[in-house]
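Visitor: Can you walk me through this one? I'd like to go over the side-chain contacts and then a helix.

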Amino acid sequence: MNRVDLLLPARERFGGQRLGEDLARRFGRAERTVEAADCAARVFDILPRGWPVAAATRQRDAGDAAHGAWLRADPVYVRPDINGARLLAYGRALSLSERDSAALLPALKPLFGDAGFPIDAPAPERWYIALPRETRLPRFVSPEQALGEDLFQHMPAGEGAEGRRWRALLSEAQVVLHNHPHNAARAAAGLAPINSLWFWGAGALPDHVRCDYAGVYSDDEALTAFGAQAGIAAGALPPQWSAPAGEGAFLFDLRAQRDLALIQRDWLQPLAAALDRGALARVAAICADGERFELARSQRWRFWRKPLRSLLD
(Lines give C-alpha, C1' and ligand atoms only; values in the text may rest on other atoms or scores of the structure.)
Protein backbone atom coordinates (compact mmCIF):
# COMPACT_ATOMS: atom_id res chain seq x y z
CA MET A 1 0.00 0.00 0.00
CA ASN A 2 1.45 3.36 -0.99
CA ARG A 3 -1.35 5.92 -0.59
CA VAL A 4 -4.46 6.56 1.47
CA ASP A 5 -7.07 9.18 0.60
CA LEU A 6 -9.65 10.37 3.11
CA LEU A 7 -12.86 12.00 1.93
CA LEU A 8 -13.85 14.61 4.53
CA PRO A 9 -16.93 16.85 4.86
CA ALA A 10 -16.80 20.41 3.56
CA ARG A 11 -14.51 22.40 5.86
CA GLU A 12 -17.27 24.67 7.17
CA ARG A 13 -18.97 21.60 8.67
CA PHE A 14 -16.22 21.53 11.30
CA GLY A 15 -16.93 25.10 12.40
CA GLY A 16 -14.22 26.36 14.75
CA GLN A 17 -12.83 22.91 15.63
CA ARG A 18 -9.03 23.00 15.86
CA LEU A 19 -6.29 20.69 14.73
CA GLY A 20 -3.98 19.28 17.37
CA GLU A 21 -0.44 20.65 17.56
CA ASP A 22 1.25 17.90 15.54
CA LEU A 23 -1.42 17.77 12.85
CA ALA A 24 -1.59 21.58 12.66
CA ARG A 25 2.11 21.53 11.82
CA ARG A 26 1.70 18.74 9.27
CA PHE A 27 -1.26 20.38 7.52
CA GLY A 28 0.61 23.68 7.41
CA ARG A 29 3.45 21.96 5.57
CA ALA A 30 1.21 19.90 3.28
CA GLU A 31 0.72 20.39 -0.45
CA ARG A 32 -2.56 22.26 -0.75
CA THR A 33 -4.66 22.42 -3.92
CA VAL A 34 -8.26 23.16 -4.86
CA GLU A 35 -10.28 20.73 -6.95
CA ALA A 36 -13.82 20.76 -8.26
CA ALA A 37 -16.43 19.82 -5.66
CA ASP A 38 -18.35 16.51 -5.82
CA CYS A 39 -15.20 14.56 -5.04
CA ALA A 40 -17.13 11.29 -4.60
CA ALA A 41 -18.38 11.21 -8.19
CA ARG A 42 -14.79 11.62 -9.45
CA VAL A 43 -13.73 8.38 -7.78
CA PHE A 44 -15.11 6.38 -10.72
CA ASP A 45 -14.89 6.63 -14.48
CA ILE A 46 -18.39 5.60 -15.57
CA LEU A 47 -19.49 5.08 -19.17
CA PRO A 48 -21.97 6.16 -20.35
CA ARG A 49 -21.55 9.27 -18.20
CA GLY A 50 -23.90 9.54 -15.29
CA TRP A 51 -24.49 8.32 -11.75
CA PRO A 52 -27.04 5.46 -12.09
CA VAL A 53 -27.12 4.47 -8.42
CA ALA A 54 -30.32 2.43 -8.73
CA ALA A 55 -28.85 0.09 -11.34
CA ALA A 56 -25.58 -0.35 -9.44
CA THR A 57 -27.25 -1.15 -6.11
CA ARG A 58 -29.85 -3.35 -7.84
CA GLN A 59 -27.09 -5.43 -9.37
CA ARG A 60 -25.53 -5.93 -5.95
CA ASP A 61 -28.90 -6.68 -4.29
CA ALA A 62 -30.51 -8.92 -6.93
CA GLY A 63 -28.04 -9.50 -9.78
CA ASP A 64 -30.59 -8.69 -12.50
CA ALA A 65 -29.90 -5.04 -13.29
CA ALA A 66 -28.77 -5.75 -16.85
CA HIS A 67 -32.38 -6.36 -17.93
CA GLY A 68 -33.52 -2.73 -18.25
CA ALA A 69 -33.31 0.55 -16.39
CA TRP A 70 -34.02 1.13 -12.71
CA LEU A 71 -35.30 3.81 -10.38
CA ARG A 72 -35.01 3.78 -6.61
CA ALA A 73 -38.36 4.29 -4.84
CA ASP A 74 -37.16 4.21 -1.25
CA PRO A 75 -39.54 4.33 1.71
CA VAL A 76 -39.32 7.63 3.62
CA TYR A 77 -41.02 9.60 6.36
CA VAL A 78 -42.23 13.11 5.58
CA ARG A 79 -43.89 15.38 8.13
CA PRO A 80 -46.43 18.04 7.17
CA ASP A 81 -45.81 21.55 8.48
CA ILE A 82 -47.37 24.97 8.01
CA ASN A 83 -45.54 25.51 4.70
CA GLY A 84 -45.94 22.03 3.19
CA ALA A 85 -44.00 18.92 4.20
CA ARG A 86 -40.40 18.01 5.02
CA LEU A 87 -38.35 14.88 4.43
CA LEU A 88 -37.28 13.81 7.93
CA ALA A 89 -36.04 10.22 7.65
CA TYR A 90 -34.99 7.57 5.14
CA GLY A 91 -32.86 4.44 5.02
CA ARG A 92 -31.39 3.23 8.30
CA ALA A 93 -33.02 6.02 10.28
CA LEU A 94 -36.40 4.31 9.72
CA SER A 95 -35.31 0.95 11.24
CA LEU A 96 -36.85 -0.87 8.28
CA SER A 97 -37.34 -4.62 8.18
CA GLU A 98 -38.62 -7.20 5.73
CA ARG A 99 -41.94 -7.06 7.60
CA ASP A 100 -42.38 -3.48 6.39
CA SER A 101 -41.79 -4.44 2.76
CA ALA A 102 -44.04 -7.48 3.03
CA ALA A 103 -46.86 -5.38 4.49
CA LEU A 104 -46.69 -2.28 2.28
CA LEU A 105 -45.56 -3.47 -1.14
CA PRO A 106 -48.68 -5.50 -1.99
CA ALA A 107 -50.72 -2.31 -1.66
CA LEU A 108 -48.37 -0.40 -3.98
CA LYS A 109 -47.84 -3.04 -6.66
CA PRO A 110 -51.19 -2.54 -8.43
CA LEU A 111 -50.59 1.23 -8.63
CA PHE A 112 -47.16 0.95 -10.22
CA GLY A 113 -47.90 -2.23 -12.15
CA ASP A 114 -50.88 -0.63 -13.90
CA ALA A 115 -48.59 2.25 -14.92
CA GLY A 116 -46.14 -0.25 -16.44
CA PHE A 117 -43.51 0.13 -13.72
CA PRO A 118 -43.25 -2.96 -11.48
CA ILE A 119 -42.01 -2.26 -7.94
CA ASP A 120 -40.19 -4.63 -5.57
CA ALA A 121 -37.80 -4.61 -2.63
CA PRO A 122 -34.90 -7.08 -2.50
CA ALA A 123 -33.65 -5.14 0.56
CA PRO A 124 -35.84 -3.41 3.20
CA GLU A 125 -34.16 -0.01 2.74
CA ARG A 126 -33.93 -0.15 -1.04
CA TRP A 127 -37.09 -0.38 -3.12
CA TYR A 128 -36.88 -0.43 -6.92
CA ILE A 129 -39.04 0.36 -9.91
CA ALA A 130 -38.21 -1.49 -13.14
CA LEU A 131 -38.27 0.72 -16.23
CA PRO A 132 -37.97 0.15 -19.96
CA ARG A 133 -34.58 1.49 -21.07
CA GLU A 134 -36.19 4.15 -23.26
CA THR A 135 -38.29 5.64 -20.43
CA ARG A 136 -38.02 9.42 -20.23
CA LEU A 137 -37.80 10.67 -16.67
CA PRO A 138 -37.86 14.04 -14.93
CA ARG A 139 -34.93 15.12 -12.76
CA PHE A 140 -34.70 13.47 -9.34
CA VAL A 141 -32.37 14.28 -6.42
CA SER A 142 -31.04 11.93 -3.75
CA PRO A 143 -32.74 11.84 -0.34
CA GLU A 144 -29.48 12.98 1.24
CA GLN A 145 -29.70 16.26 -0.71
CA ALA A 146 -33.31 16.87 0.37
CA LEU A 147 -33.17 15.75 4.01
CA GLY A 148 -34.84 18.33 6.25
CA GLU A 149 -35.99 20.46 3.34
CA ASP A 150 -39.41 21.25 1.91
CA LEU A 151 -40.64 18.21 0.01
CA PHE A 152 -42.25 20.30 -2.72
CA GLN A 153 -38.92 21.88 -3.66
CA HIS A 154 -37.77 18.41 -4.68
CA MET A 155 -40.84 16.95 -6.33
CA PRO A 156 -40.15 15.27 -9.69
CA ALA A 157 -39.20 18.24 -11.84
CA GLY A 158 -40.46 18.99 -15.34
CA GLU A 159 -43.48 20.66 -16.82
CA GLY A 160 -44.13 17.98 -19.45
CA ALA A 161 -46.01 14.70 -19.30
CA GLU A 162 -43.12 12.95 -17.53
CA GLY A 163 -43.13 15.36 -14.60
CA ARG A 164 -46.91 15.20 -14.25
CA ARG A 165 -46.95 11.40 -14.40
CA TRP A 166 -44.42 10.93 -11.61
CA ARG A 167 -45.96 13.61 -9.41
CA ALA A 168 -49.32 11.87 -9.81
CA LEU A 169 -47.82 8.45 -9.01
CA LEU A 170 -46.14 9.89 -5.91
CA SER A 171 -49.38 11.49 -4.71
CA GLU A 172 -51.31 8.25 -5.15
CA ALA A 173 -48.59 6.27 -3.38
CA GLN A 174 -48.72 8.71 -0.45
CA VAL A 175 -52.48 8.17 -0.12
CA VAL A 176 -52.01 4.38 -0.12
CA LEU A 177 -49.27 4.54 2.51
CA HIS A 178 -51.04 7.09 4.71
CA ASN A 179 -54.11 4.88 4.96
CA HIS A 180 -52.27 1.59 5.45
CA PRO A 181 -52.81 -0.07 8.86
CA HIS A 182 -49.17 -1.15 9.01
CA ASN A 183 -48.19 2.44 9.73
CA ALA A 184 -50.45 2.45 12.79
CA ALA A 185 -48.58 -0.65 13.97
CA ARG A 186 -45.25 1.11 13.42
CA ALA A 187 -46.46 4.14 15.37
CA ALA A 188 -47.58 1.88 18.24
CA ALA A 189 -44.07 0.43 18.29
CA GLY A 190 -42.57 3.93 18.51
CA LEU A 191 -41.37 3.98 14.90
CA ALA A 192 -41.91 6.69 12.30
CA PRO A 193 -44.54 5.90 9.66
CA ILE A 194 -43.55 5.10 6.08
CA ASN A 195 -45.78 7.66 4.41
CA SER A 196 -44.03 8.44 1.13
CA LEU A 197 -41.53 7.20 -1.44
CA TRP A 198 -38.40 8.88 -2.74
CA PHE A 199 -37.63 8.50 -6.44
CA TRP A 200 -33.94 8.86 -7.32
CA GLY A 201 -30.85 7.28 -8.89
CA ALA A 202 -32.41 6.43 -12.26
CA GLY A 203 -30.48 4.76 -15.05
CA ALA A 204 -29.23 1.58 -16.66
CA LEU A 205 -26.27 -0.49 -15.56
CA PRO A 206 -23.10 1.16 -16.93
CA ASP A 207 -21.13 -0.49 -19.71
CA HIS A 208 -17.87 0.45 -18.02
CA VAL A 209 -16.88 1.36 -14.44
CA ARG A 210 -13.22 1.98 -13.73
CA CYS A 211 -11.48 3.07 -10.53
CA ASP A 212 -7.83 3.86 -9.76
CA TYR A 213 -8.19 2.72 -6.16
CA ALA A 214 -7.53 -0.83 -5.03
CA GLY A 215 -10.27 -0.47 -2.43
CA VAL A 216 -13.08 1.90 -1.41
CA TYR A 217 -14.57 1.86 2.09
CA SER A 218 -17.70 3.88 2.78
CA ASP A 219 -21.15 3.88 4.35
CA ASP A 220 -22.39 5.49 1.12
CA GLU A 221 -24.05 2.63 -0.73
CA ALA A 222 -23.43 4.28 -4.11
CA LEU A 223 -19.64 4.24 -3.65
CA THR A 224 -19.53 0.61 -2.57
CA ALA A 225 -21.95 -0.49 -5.30
CA PHE A 226 -19.89 1.19 -8.02
CA GLY A 227 -16.76 -0.24 -6.41
CA ALA A 228 -18.22 -3.71 -6.81
CA GLN A 229 -18.96 -2.90 -10.46
CA ALA A 230 -15.34 -1.81 -10.92
CA GLY A 231 -14.13 -5.13 -9.49
CA ILE A 232 -12.23 -3.62 -6.55
CA ALA A 233 -12.46 -4.22 -2.80
CA ALA A 234 -15.50 -2.33 -1.52
CA GLY A 235 -17.01 -2.41 1.94
CA ALA A 236 -18.33 -0.53 4.93
CA LEU A 237 -16.22 2.12 6.61
CA PRO A 238 -14.32 0.67 9.58
CA PRO A 239 -14.58 2.53 12.93
CA GLN A 240 -10.95 3.63 12.75
CA TRP A 241 -7.85 3.35 10.59
CA SER A 242 -6.79 -0.21 9.95
CA ALA A 243 -4.52 -1.06 7.04
CA PRO A 244 -6.40 -3.17 4.46
CA ALA A 245 -4.76 -6.12 2.80
CA GLY A 246 -3.15 -5.55 -0.57
CA GLU A 247 -1.12 -2.96 -2.40
CA GLY A 248 -2.10 0.25 -4.12
CA ALA A 249 -4.18 3.28 -3.18
CA PHE A 250 -7.19 3.06 -0.85
CA LEU A 251 -10.06 5.46 -0.24
CA PHE A 252 -11.92 5.91 3.06
CA ASP A 253 -15.07 8.01 3.06
CA LEU A 254 -15.48 10.08 6.27
CA ARG A 255 -17.94 12.64 4.87
CA ALA A 256 -20.63 11.71 7.41
CA GLN A 257 -18.31 12.53 10.32
CA ARG A 258 -18.55 15.98 11.93
CA ASP A 259 -16.23 15.59 14.95
CA LEU A 260 -12.76 16.71 13.93
CA ALA A 261 -11.25 15.51 17.22
CA LEU A 262 -12.52 11.99 16.51
CA ILE A 263 -11.19 12.07 12.94
CA GLN A 264 -7.81 13.15 14.28
CA ARG A 265 -7.69 10.45 16.96
CA ASP A 266 -8.98 7.51 14.89
CA TRP A 267 -7.67 8.39 11.43
CA LEU A 268 -5.24 11.26 10.95
CA GLN A 269 -2.90 10.53 13.86
CA PRO A 270 -2.51 6.80 13.06
CA LEU A 271 -1.98 7.66 9.39
CA ALA A 272 0.64 10.29 10.31
CA ALA A 273 2.45 7.63 12.35
CA ALA A 274 2.34 5.28 9.34
CA LEU A 275 3.89 8.03 7.21
CA ASP A 276 6.68 8.56 9.76
CA ARG A 277 7.66 4.89 9.81
CA GLY A 278 7.57 4.62 6.02
CA ALA A 279 4.54 2.32 5.83
CA LEU A 280 2.80 4.87 3.57
CA ALA A 281 4.13 7.18 0.89
CA ARG A 282 1.33 9.77 0.99
CA VAL A 283 -1.93 10.60 2.74
CA ALA A 284 -4.46 12.99 1.23
CA ALA A 285 -7.34 14.68 3.06
CA ILE A 286 -9.89 15.70 0.41
CA CYS A 287 -12.68 17.98 1.62
CA ALA A 288 -16.10 17.93 -0.03
CA ASP A 289 -15.74 21.64 -0.90
CA GLY A 290 -12.73 20.81 -3.10
CA GLU A 291 -9.85 21.68 -0.75
CA ARG A 292 -7.15 18.99 -0.82
CA PHE A 293 -4.24 18.53 1.62
CA GLU A 294 -1.53 16.05 0.63
CA LEU A 295 0.80 14.91 3.41
CA ALA A 296 4.18 13.22 2.93
CA ARG A 297 7.08 12.34 5.21
CA SER A 298 9.50 14.60 3.34
CA GLN A 299 7.44 17.66 4.30
CA ARG A 300 8.87 17.56 7.83
CA TRP A 301 11.75 19.73 6.56
CA ARG A 302 9.40 22.60 5.64
CA PHE A 303 9.92 24.14 9.07
CA TRP A 304 9.39 27.68 7.78
CA ARG A 305 5.68 27.07 7.09
CA LYS A 306 3.21 28.13 9.77
CA PRO A 307 0.94 25.57 11.44
CA LEU A 308 -2.64 25.36 10.19
CA ARG A 309 -4.76 25.65 13.32
CA SER A 310 -8.03 25.06 11.49
CA LEU A 311 -8.92 23.53 8.12
CA LEU A 312 -10.54 26.89 7.29
CA ASP A 313 -7.24 28.81 7.72
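**Rings, cysteines and a helix**

Guide: Start with Tyr128, which is buried at a relative accessible area of 0%. Bear in mind that this is a predicted model.

Visitor: What sits over the ring of Tyr128?

Guide: The charged end of Arg58 does, 5.2 Å from the ring centre.

Visitor: And which aromatic ring does Tyr128 pair with, and is that pair stacked or edge-to-face?

Guide: Tyr128 pairs with Trp70. The ring centres are 6.4 Å apart and the planes meet at 85°, so the pair is edge-to-face. Over 60 degrees is the cut-off for that label.

Visitor: Where in the chain are those two?

Guide: Trp70 is in strand β4, residues 69-81. Tyr128 is in strand β7, residues 126-131.

Visitor: Trp70, buried or exposed?

Guide: Buried, at 6% relative accessibility.

Visitor: How many aromatic pairs does the structure hold?

Guide: It holds 14. One of them joins Phe44 and Trp51, with centres 6.5 Å apart. Their planes are at 40°, so that pair is tilted.

Visitor: How accessible are Phe44 and Trp51?

Guide: Phe44 is buried at 7% relative accessibility. Trp51 is partly exposed, at 31%.

Visitor: Which residues do ring pairs link into a cluster?

Guide: Phe112, Phe117, Phe140, Trp166 and Phe199.

Visitor: Switching topic. How many disulfides?

Guide: The count is zero.

Visitor: What about Cys211 and Cys287, buried or exposed?

Guide: Cys211 counts as buried, at 13% relative accessibility. Cys287 is buried as well, at 0%.

Visitor: Now the helix. What span should α3 have?

Guide: Helix α3 covers residues 98-114, which is 17 residues. At 1.5 Å a residue, α3 should span 24 Å. Its end C-alpha atoms are 24 Å apart, so the two agree.

Visitor: Where is the kink in α3?

Guide: At Leu105, shortly before the proline Pro106. The kink is about 45°.

Visitor: Which α3 residues are buried?

Guide: Asp100, Ser101, Leu104, Leu105, Leu108, Leu111 and Phe112. So Leu105 is at the kink and Phe112 is in the ring cluster, and both are buried because they fall under 20% relative accessible area.

Visitor: What do the buried residues of α3 pack against?

Guide: Strands β6 (119-123), β7 and β8 (196-204), plus helices α5 (161-178) and α6 (181-188).

How values were computed:
Residues numbered from 1 in each chain as written. Predicted model: local features only at pLDDT ≥ 70, side-chain atom pairs only at ≥ 80, totals over all residues. Heavy atoms only, no water. Disulfide = S-S within 2.5 Å. Buried < 20%, exposed > 50% of the residue type's maximum accessible area, 1.4 Å probe, protein only. Phe/Tyr/Trp six-rings, centres within 6.5 Å; stacked < 30°, edge-to-face > 60°. Helix = DSSP H or I, 4+ residues; strand = E, 2+ residues; numbered from the N terminus. Lys NZ or Arg CZ within 6 Å of the ring centre and 35° of its normal. Expected span 1.5 Å × (residues − 1). Bend = angle between axes of the 7 residues up to and from the residue. Contact = heavy atoms within 4.5 Å.
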